[in-house]
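Please open the model in your viewer and keep the selection panel at hand. The tour goes from one selection to the next and says what is found at each.

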Amino acid sequence: PIVLGIESSCDETGAGLVRDGRLLGHAVASSMDEHARYGGVVPEIASRAHLHALRPAIRRALDRAGLRLSDVGAVAVTTGPGLSGALQVGVAGAKALAHALGVPLHGVHHLAGHVAADTLEHGPLPDPCVVLIVSGGHTSLLLVRDLARDPIVHLGDTLDDAAGECFDKVARVFGLPYPGGPAVDRAAREGDPRAVALPRPLTGPRDAPYAFSFSGLKTAAARWAEGYAGRELPVADGAAALQEAVADVLTRKAVAACRDHGVGTLVVVGGVAANSRVRSLAEERCRAAGIALRVPPPGLCTDNGAMIAAVGDLLVRAGAAPAPLDLSVDPSAPLERAALHPVAATA
Ligand code: ATP
Ligand code: MG
Ligand code: FE
C-alpha cells in the first residue's frame with residue numbers, strides 16, 4: 001500500500017508518500033518565520049500554523065507524487081516526542097483521514113522517523129549500524145540492529161544542550177537570524193575556524209566516550225562575542241569555529257563508537273546532519289577509518305513527512321497491528337520507544 005506520513009511535532013508541517021521503501025513525493029510547510037521575532041518556537045503559534053498548513057501540505061505531496069487521496073492505503077503520524085498541541089493537530093488529522101478512507105492508522109516515534117529518512121535515499125539500514133541523531137532536541141549515539149524488531153541500544157547522549165540547540169542559541173548571541181543552524185552554516189563559509197579557540201567538551205581520555213556536552217561550548221562562544229562589545233564582531237570566524245567544534249566532537253565520538261563496537265556503518269540523521277561541515281568531516285573521518293557513511297540529503301534531515309511515511313511503510317510491511325482511533329500523543333516519548341513496536345509485529 002501507499003503510506004501517507006504526517007509530521008507536526010514542532011514548527012514543520014510535513015506530508016509524505018512512500019511505497020515499498022520508495023519516496024513518491026513530499027511537501028513541508030514551516031512556520032519558522034512566524035516564530036523568528038520571538039527567537040524560538042512559540043507552541044500556540046505552531047499549533048495554529050499546523051491547522052492551516054496540514055491540508056495544503058497533503059495536497060502538495062499528493063500532487064508531486066501524481067496521486068489522489070483515494071490511492072492512500074495507510075496513514076502514519078508522529079505521536080511524539082514534540083509539542084503537545086502541535087502533535088495533536090497532526091494526530092487528529094491523521095485519524096480523520098484514516099477513518100474517512102477506511103485504512104489503517106500507525107503512530108510513529110519522531111526519532112524513528114529521523115533514522116528511517118536515510119532509508120528513502122540509501123535503502124534498508126545494514127544490521128548493525130551506529131546512528132548519530134543530531135537535532136534541535138537530541139544528540140544521541142545509538143546502536144541499531146533491525147529497526148522493525150530489535151530494541152535500540154543507547155550508547156550515549158548529551159548531558160545538557162542538544163547540538164542544534166547550541167547552534168540556535170549561539171546564533172542569537174552572534175546576531176544571526178532564526179533558525180540559527182542554517183544561518184551559522186551560511187556565515188561560516190566566509191570564516192576561518194582557526195581564528196577563534198573553542199573547547200572540545202568531553203573529549204578527554206577520562207570522559208565518558210559517547211556522552212556529549214554543548215552548554216560549555218555555547219558559553220565559550222558567547223564569552224568570545226562579549227569580548228567585542230562596541231566593536232564589530234567577526235561573525236563569520238565565530239560561526240566557522242563553532243561549526244568546526246561541533247562537527248569535530250560529533251564525528252570523533254561517532255567514529256569511535258563504530259570502532260569500539262566493530263560496526264562498519266555510521267548513519268548521521270536529524271536537522272544538524274544537514275550541516276555542511278558535519279557532513280564533510282564525517283565523510284573524511286569515515287573514509288580514513290574504513291567506515292561506510294550514510295547521511296540523508298539535507299531536505300530529509302530536517303523535519304518532514306516523508307520520514308514518518310518511511311516508518312509507517314516499515315510497520316505495514318512488518319505486519320504491525322494498526323493503532324486504535326483513540327491513539328494519543330506522547331510529547332515526551334523516550335528514545336527507547338523509538339524501536340518499531342516489536343510486540344505488535346505478527347510472526
Ligand atoms: P527533535 O528532532 O530533536 O525533536 P527538531 O525536530 O526541532 O528536534 P530537527 O528539525 O531535526 O529538530 O532539526 C532542527 C535543528 O537542526 C535546529 O536546531 C536547526 O538549527 C538545526 N539545523 C538545521 N539545518 C542546519 C545546518 N545546516 N547546520 C546546523 N544546524 C542545522
Ligand atoms: Mg523545525
Ligand atoms: Fe526532528
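Select helix H5 (residues 163–173) and helix H7 (residues 215–226), which pack with their axes 10 Å apart and at an angle of about 10°, and which are therefore roughly parallel to each other (an angle under 35 degrees). Axes here are lines fitted to C-alpha atoms over the stretch in contact, with angles from 0 to 180 degrees between N-to-C directions, and helices are DSSP runs (H or I, at least four residues) numbered from the N terminus. This is a predicted model, in which local features need pLDDT of at least 70, side-chain atom pairs count only at pLDDT 80 or more, and totals for chains, interfaces and linings use all residues. Residues are numbered from 1 along each chain as its sequence is written, while chains are lettered from A and ligands numbered from 1 in the order in which they are written.

Next, show Cys166, Lys169, Val170 and Val173 in H5, which meet Leu217, Lys218, Ala221, Ala222 and Ala225 in H7 (contact means C-beta atoms, placed from the backbone, within 7 Å). The residues of this contact divide into seven nonpolar, no polar and two charged.

Now move to ligand 1, where Gly136, Gly137, Gly164, Gly181 and Gly271 come nearest among the 26 residues around it (C-beta atom within 6 Å). Helix H4 (110–122), H5 and helix H6 (180–188) each give two or more residues to this shell, and H6 gives the most, with five.

Finally, select H6, where eight of the nine residues are buried (20 or more other C-beta atoms within 10 Å of their own). What covers these buried residues includes H5, helix H8 (235–261) and helix H9 (276–289).

Definitions and conventions. Angles under 35 degrees count as roughly parallel, over 145 as roughly antiparallel, 65 to 115 as roughly perpendicular and the rest as oblique. Two residues are in contact if their C-beta atoms, placed from the backbone, lie within 7 Å. Ala, Val, Leu, Ile, Met, Phe, Trp, Tyr, Cys and Pro count as nonpolar, Asp, Glu, Lys and Arg as charged, and the others, Gly among them, as polar. A residue is buried if 20 or more other C-beta atoms lie within 10 Å of its own, exposed if 12 or fewer, and partly exposed in between; C-beta atoms are placed from the backbone.
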